[in-house]
Amino acid sequence: MSNIPQDLRYTADHEYVKPTADPAVVYVGITDYAQGELGDVVYVELPKAGATLKGHDVFGTIEAVKAVSELFCPVAGTVVESNPALEADPAVVNRDPYGDGWMIKLKVANAKDLDGLLTSDAYRKQLGE
């Protein structure tokens, strides 16, 4: 059974959105389920700060022992920061996907878009858990 925190929002593509102290900025990363399916993460390619993304845009790639996958932006916004820790140690995604393993901080274009994402219960149901 995957770790699916109640206070986050999720996408069908296995990304999560986590609030920050600033209500207009969120963390985006991959879920515990996704990192488990990928296996050991060996490389993450992320956008630079200032990149503007639409919802469902590819914002990077994640390479693991088993596969290379695209990362999809949950909602439209502007990248505030990419996680610099992932350059030196991409496996932090495996160890702490919801904490230090975040991918980008995103300034959300429209906060109402977050309401369209999956709740933890809906995401758990999608996974069949």
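K105 and E81 form a salt bridge, with their closest N and O atoms 3.5 Å apart; the term denotes a side-chain nitrogen of Lys or Arg within 4 Å of a carboxyl oxygen of Asp or Glu. This pair joins distant parts of the chain, since K105 belongs to strand β9 (residues 104-108) and E81 to strand β8 (residues 77-82), 24 residues apart. Strands are DSSP runs of E with at least two residues, numbered from the N terminus. E81 is partly exposed, at 29% relative accessibility; here buried means under 20% relative accessible area, exposed over 50%, and partly exposed in between, with a 1.4 Å probe and protein chains only.

The model is predicted: local features need pLDDT of at least 70, side-chain atom pairs count only at pLDDT 80 or more, and totals for chains, interfaces and linings use all residues. Residues are numbered from 1 along each chain as its sequence is written, and side-chain values use heavy atoms, with hydrogens and water left out.

By the salt-bridge rule, the count comes to three. One of them pairs D89 with R95, whose closest N and O atoms lie 2.4 Å apart.

R124 is buried, with 18% relative accessibility, while E129 is partly exposed, its relative accessible area being 35%.

Definitions and conventions: Helix = DSSP H or I, 4+ residues; strand = E, 2+ residues; numbered from the N terminus.
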